[in-house]
Amino acid sequence: MTHASGGSDGIESRLKEERKFVPSAEFCDHARVRSHAEYLSLYQQSLESPEEFWREQTCDLVFRTPPTSFLEWKLPKAKFFGGATLNITESCLDRHLTTANRTRAAIVWEGEPGDTRTITYFELHREVVRLAAGLASLGVGAGDRVAIYMGMVPETAVAMLACARLGATHSVIFGGFSSDALRDRINDCGAKLLLTQDGAWRRGSVVPLKSMADTAIAQTPSIEKVVVLRRIGEGQAPVTLEEGRDIWWHDLMAEGAAGITAEHRKLAASPPAFDAEHPLFVLYTSGSTGKPKGVLHTTAGYLAGVHVTSKYVFDLRDGDLYWCTADVGWVTGHSYAVYGPLSCGASCFMYEGAPNFPDPGRFWQLIERHGVTILYTAPTAIRAFIRWGDEWPNKHNLSSLRLLGSVGEPINPEAWTWYHRVVGGNRCPIVDTWWQTETGSIMLTTLPGACYSKPGSTGLPFFGVDIAVVKDRGEPCGANEGGKLVIRRPWPSMARTLYNDDERYFSAYWKQLEGVYFTGDGARKDQDGYFWVVGRIDDVLNVAGHRIGTAEIESALVSHPQVAEAAAVGRPDDLKGQALVVFVTLKQGQKSDAETKANLAKHIEKEIGKFARPDEIRFADALPKTRSGKIMRRLLKEVAAGATEAKGDTSTLEDLSVLAKLRTSDEE
């Protein structure tokens, strides 16, 4: 990598990030897109001739009936690839069986205790067909909803693909959710069948998924059958099977299993094709208030989006072992651990456990042992790695890595440069990515062989994405002017609605700014056309007339040598309108005292300005996070304002005790 100068200003911020990281000539020579000019040419084609662009880019996917039209659009309803029929699993599995991919590893898996499995495309196809036949024998068919409540085991991907093969809409519910959260999601989508497992390993302990599922389905009248995978074993995860309802996974998959007829096997082996707009999955995201939102994605447009982004953003090549660390319970796991890479014929690494068990070197040990070449993880994880210390990655040979990725929330420049230097050895391009559950696939990034990166910037629009930063009434913002991030035309992988709630979908995403999709995020676009997403629009504060992006405050704090992680929020203030409160987690061995508070306040003044000096600095052992690792700033706002209990949906919160500690912490 080489450096060049550049610059960007924040929302009323003098914090500057002037570095540009250019991919090496060697990387560019072998990349799918090798120059900025080539990127611009493809991007222009994707906007000016979208039908031609998407036809060319999806020509390797399997359509039983080719599309007769590209887009039907009547705000807020979109239909892509009109007239087309397909079975998505044929693009992810069957088409690879007649190529060299047949014997290539589809999934390389390691469990938390250290057990390993490698599953080829041939073997994965066989498992999916067997499970699809079993599900068909249980009455699952096209249009039914199936809930999946499992850990990070290969069978979870098998379950998703088997549902899709039958045309059943799957709803994966993260295995860390409570019984209540599972119950509510099953009831909202009306799932007919539940796939679960006896238990899952997490930091050396067993999460008893089946017993938690039993509690939930006592109040889910739509569930008719439950299929249980034996992962842990009777000794550590005892299971009670309810006769007539519960079935062991291995019994359902056995040759000659009772109830599975030749017709069921024929259906699974030669599955039907479905309309391009057939519902593929419902995935629930948290609402700030009220019930979670069931985001509905359909088949052809979603497949097109994840296929093309996987191919170009991760520059997938023969010989890669690609690791997306996200759980399949989140959209990142759907798009970039299952459907996207498998549609490209990639070899995917999957790991069951936590990054710091049995010690903080686990990820680096896995990369070295398996020869992982591409790592796609979250800024939250990266900041945790920084806090645990350089000695953990430095113990391992990470030379197999050739590309790094970031996803989930804006990444601080300090974390970006650490990731580049310590993990990537100053040689691996980093693709920071911005997208959402609702967008289905990556919207903003830098293609690794074509575009330089700026630490903290999420880069340029992906192909087909017409994205802009606008003011409150929709007028375009100038360079480096903060505003609202919107998407101005429909794109193939966009969510079609919220399950059984069209009105909520329209009001949440399409009503605030006429005719455009409002992402809910604040952003700015710099003089080079690079986007800087500063977080949820609610996280842009107005303090005494100054608009301050909390992401910029947090970046300034994390750049301080004592700080591991930080979150900035506003609380109501009679004089200023909003007062700035920051929650800080220090690196190991640092003192949480008055002197440190004073030093941090001075540091923010120096990096940003006196107007950004916090009204309050609070130290925290940990910050409240979702189970996917995002800081729940909404809850921190409540703590800062003195609330004694959480409001709204907290089902995605990983550890409720973190909130209790913050409320009772002794303030100096």
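Strand β25 is joined to strand β26 (residues 483–487) by 4 bridges, and the two run antiparallel. Within this pair, Ala-468 stands opposite Val-486 of β26. Strands here are DSSP runs (E, at least two residues) and helices likewise (H or I, at least four), numbered from the N terminus; two strands pair if DSSP finds at least two bridges between them. The pair belongs to an open sheet of 4 strands with antiparallel pairing, in the order β25-β26-β28-β29. At its edges stand β25 (467–470) and β29 (531–536), each with a single partner strand, so one side of each has no neighbour in the sheet. Neighbouring strands of this sheet are turned by 45° against each other on average, direction ignored; the axes behind this value are lines fitted to C-alpha atoms, for helices over the stretch in contact, and angles run from 0 to 180 degrees between N-to-C directions.

## Basis and confidence of the model

This is a predicted model, in which local features need pLDDT of at least 70 and side-chain atom pairs count only at pLDDT 80 or more, while totals for chains, interfaces and linings use all residues. Residues are numbered from 1 along each chain as its sequence is written, and side-chain values use heavy atoms, with hydrogens and water left out.

The protein averages a pLDDT (the predictor's confidence in each residue, from 0 to 100) of 91, and 92% of the residues score at least 70. Over residues 1–15 pLDDT stays under 50; for this stretch the model has 65 contacts beyond four places in sequence, a contact being heavy atoms within 4.5 Å.

Strands β18 (residues 321–324) and β19 (residues 347–351) run parallel and are joined by 3 bridges, with Cys-348 in β19 as the bridge partner of Tyr-322.

Strand β16 (residues 279–285) is mostly covered, 6 of its 7 residues being buried. Buried means under 20% relative accessible area, exposed over 50%, and partly exposed in between (1.4 Å probe, protein chains only). Strand β16 pairs with strand β17 (residues 293–298) in the antiparallel sense over 6 bridges, and Tyr-284 has Gly-294 in β17 as its bridge partner.

## Nonpolar cores

A nonpolar core is a set of buried Ala, Val, Leu, Ile, Met, Phe, Trp, Tyr and Cys residues joined through side-chain atoms within 4.5 Å. The largest contains 124 residues, of which Leu-124, Leu-135, Leu-195, Trp-249, Phe-314 and Tyr-339 touch the most other members. Beyond four places in sequence, the contacts of Tyr-339 include Ile-88, Met-160, Leu-161, Leu-280 and Tyr-302. Another core, of 31 residues, lies apart from the largest one; among its members are Phe-21, Leu-321, Val-372 and Trp-416.

Ile-367, in helix α13 (residues 362–370), counts as buried at 0% relative accessibility. Among the residues that Ile-367 touches beyond four places in sequence are Trp-323, Val-372 and Leu-398. Pro-393 lies 26 residues from Ile-367 in sequence and 10.0 Å away in space, C-alpha to C-alpha. Pro-393 is placed in helix α15 (residues 391–394) and is buried, with a relative accessible area of 2%.

## Annotated sites

UniProt positions follow the numbering used here, feature names are shortened, and annotations may be inferred rather than shown by experiment. An unreviewed UniProt entry annotates a "binding site" covering residues including Gly-408, Glu-409, Asp-521 and Arg-536. Asp-521 lies in strand β28 (residues 517–525) and counts as buried at 7% relative accessibility. Its contacts beyond four places in sequence include Trp-434, Gln-436, Lys-484 and Arg-536.

For "modified residue: N6-acetyllysine", UniProt (unreviewed entry) lists Lys-630. Lys-630 is placed in the loop between β34 (616–619) and α20 (633–640) and is partly exposed, with a relative accessible area of 39%. Leaving aside neighbours within four places in sequence, Lys-630 is in contact with Thr-380, Gly-408, Glu-409, Pro-624 and Lys-625.
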